[in-house]
Amino acid sequence: MHRVASVGNTSNSSRPRKEKRLTYVLNDADDTKHCAGVNCLAVSKSSVPDGCDYLFTGSRDGTLKRWALAEDGATCSATFESHVDWVNDAVLTSGNTLVSCSSDTTVKVWNSLSDGVCARTLRQHSDYVTCLAAAEANNNIFASAGLGGEVFVWDLEAALAPVSKSSDGTEDECSNGVNGTANSLPVTSLRPISSSNNISLHPTQSQVYAPTAAKGHKESVYALGMNESGTLLVSGGTEKVIRVWDPRTGSKTMKLRGHTDNIRALLLDSTGRFCLSGSSDSMIRLWDLGQQRCVHSYAVHTDSVWALASTPSFSHVYSGGRDLSLYLTDLATRESVLLCTKEHPIVQLALHDDGIWVATTDSSVHRWPAEVQNPLKVFQRGGSFLAGNLSFSRARISLEGSTPVPVYREPSFSIPGTPGIVKHEILNNRRHVLTKDTAGAVKLWEITRGSVIENYGEVSFEKKKEELFEMVSIPAWFTVDTRLGNLSVHLDTPQCFSAEMYSVDLNIAGKPEDDKINLARETLKGLLAHWLTKRRQRFGSQVSGNGEVPPGKDISSRNLAVSRVEVDSNADNDSAVYPPFEFSAVSPPSIITEGSQGGPWRKKITDLDGTEDEKDFPWWVLDCVLNNRLPPRENTKCSFYLHPCEGSTVQILTQGKLSAPRILRIHKVINYVIEKMVLDKPPLDSLNSDGTFAPGGPALGVGEFRSGLKPWQKLKPSIEVLCNSQVLSPDMSLATVRAYIWKKPEDLVLNYRLTPVR
């Protein structure tokens, strides 16, 4: 299904402002491979005889990769990480310049031979940017279009010029790629990024550059094409028509009708006279722009045509799409041949020497023989058929059982990807997530460390989920999605600070067992440990003991009212990271977030250099990590009544409503009852081992629970606590009892009695 968006969609503009989100993307596999479908391809041919050719791939995992191609293999020589959503298209212009576009609404410009450096982020589009087109002979011109209906023609030299200090600029300069945008973070106020030394601002231009707008589309645009000199531009989308533009002025020169569904692929020949189009109506059409009409229709595919590539002479076209098939068609004789069939829909094609690179919705990329220099060799192998000119003709042939036999069975070369995650379940302990990938492997993740702790292999996801069920109740402090092919963990304030655990339950050595650990705070400390180390190295003595930089240095002081934040009294002032929150430096997660300027960005935690500040991070993240301050949270207490069971001889000194942390265990309630017991005579089964009975102990205030166990409390308790007539396990928390046993909105009621003699 394709998405139709109205032009200038601003549905988010009326929503109340939310605090910026922090997301971290976990990575378990080889980072030199894609983990989601590959949406785009671009080939860079070496200009010297023995030089290295490069293949650039852009993926739904949000990254682009550069592959150094050799006779016997391909090596990933760089990962371009800055987009925060699917990379939808990429083109090479101006020699060593790579341009990419994304569902994060941005267009990014890169030095293609760098180690992944983003030179500029262009923020002109209002919705997903779906396609790009470049002029081969004019390295300075490219075009972009997307779901918002906008088509922009960019002058690369002007777009890369220094950015002015305008508050409504549309460009960010980013020498290390700190920018981007997340799905849930609409860009409503766009300002140039300004930071210390990694993101610079140059006030040398009086006005911000604006691209040429080709206005006319009322719906989403999915395809662009440009001729070699950059004097002609074609666009198509859900309106089912092809619009032809003069990219120098943005004026429309003609409109071509004929397709009956979304136009997904467009090609122009070098002169700009002929245009090829592929559509969701399964047809390929050849247009003569001089005559302003369709001169040929080719019914080759049985489903949507998503990708086209032509031979240099524009005599033959390679096509692929939703029917998993790659065809070669002679445009003059209408003869077609099936080159190969795939397991996944074909998304994009790129010719390279005598072969063709094929990208699909899978994370792997394959190169197939194509005889680009002499396509007639393929037809000499036999198996060709004559393409009809009606879309149902190929479908009818397919139904009659005369499906063509593919010429090639195996690709000549493959660049493997890794399986992407397609299913997930957050477990009740709110620290583990169960996942299943495209290969069927089921894994258990610990999200506070960002690592896989168990790989179960190909087992039933549902059965494993049932096996791992725990009757525990912990607040939902994070959310997860797998849109990028891996786990993206989202933290939103103040909800993320709602979950706490005792240090003993996290097996943290050297801390009192009753110390409460805030899961989000410690996770943020673990994520930003490298950043904090770099920060201290950079600022030295200017950084105080807890990592805070004095006002006037890098982080400007933020006056926070006492009512707005609370200092975590249980948090140590140092930046020590506890073992359950240590993230791997071998497969580090990437952070996606947004500060006060410049828009969202994505970066590996090990690539942070310490200069990032409140312009780059949400204020609440810095306040938590640097100052130990947490925003106000919902009540973390649980109110309950504690009554003796009917007929019980045990009474306690305190009556009325009690209050305790939600994570308090029932064995603490038992200890409390023992300390407060009043008995006419000590029953036999409550005697200590020496035959004596301790009727009480130091008085506790109502609702208070003494931490630490007395020696006599470590004996087998003689009291048991019940809820709804069900005996409770001493390890249960009050929150668990309320969620799974009490199951009522009213205050919890617990009963106690002497443990019956068994």
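1. Glutamate 675 is buried, as its relative accessible area is 5%; buried means under 20% relative accessible area, exposed over 50%, and partly exposed in between (1.4 Å probe, protein chains only). The residue belongs to helix H8 (residues 666-676). Helices (H or I, at least four residues) and strands (E, at least two) are DSSP runs, numbered from the N terminus. Glutamate 675 and isoleucine 652 stand 23 residues apart in sequence, and their C-alpha atoms are 8.5 Å apart in space.

2. The model is predicted: local features need pLDDT of at least 70, side-chain atom pairs count only at pLDDT 80 or more, and totals for chains, interfaces and linings use all residues. Residues are numbered from 1 along each chain as its sequence is written, and side-chain values use heavy atoms, with hydrogens and water left out.

3. A search of the whole structure gives 14 aromatic pairs. One of them joins phenylalanine 56 and phenylalanine 80, with 6.2 Å from centre to centre and 55° between the planes, and is tilted. Rings of Phe, Tyr and Trp (its six-membered ring) pair if their centres lie within 6.5 Å; planes under 30 degrees apart count as stacked, over 60 as edge-to-face and the rest as tilted. This pair links distant parts of the chain, since phenylalanine 56 is in strand S3 (residues 53-59) and phenylalanine 80 in strand S5 (residues 73-81), 24 residues apart. Both phenylalanine 56 and phenylalanine 80 are buried.

4. The pair of tryptophan 531 and phenylalanine 617 is edge-to-face, because the ring centres are 5.5 Å apart and the planes lie at 70°. Here too distant parts of the chain are linked: tryptophan 531 is in helix H6 (residues 529-539), and phenylalanine 617 is in the loop between strand S42 (601-604) and helix H7 (619-627), 86 residues apart. Tryptophan 531 counts as buried because its relative accessibility is 0%, and phenylalanine 617 counts as buried at 0%.

5. Ring pairs also connect Tyr54, Phe56, Phe80 and Trp110 into a cluster. Over the ring of tyrosine 54 sits the charged end of arginine 66, 5.5 Å from the ring centre. A charge sits over a ring if NZ of Lys or CZ of Arg is within 6 Å of the ring centre and within 35 degrees of the ring normal. Lysine 464 likewise has its charged end over the ring of tyrosine 456, 4.0 Å from the centre.

6. How many disulfides does a search of the whole structure find? The search finds 0 disulfides, a disulfide being a pair of cysteine sulfur atoms within 2.5 Å. For cysteine 624, which is in no disulfide, the nearest cysteine sulfur is that of cysteine 496, 7.6 Å away. Cysteine 624 counts as buried, at 0% relative accessibility.

7. Some backbone details deserve attention. Threonine 493 and proline 494 are joined by a cis peptide bond, with omega about 0°; proline 494 is in the loop between strand S37 (488-491) and strand S38 (500-502). Serine 282 is not a glycine, yet has a positive phi of about 80°. Serine 282 lies in the loop between strand S20 (274-279) and strand S21 (284-288), and counts as buried at 7% relative accessibility. Lysine 743, also not a glycine, has a positive phi of about 55°. Lysine 743 is exposed, because its relative accessible area is 64%.
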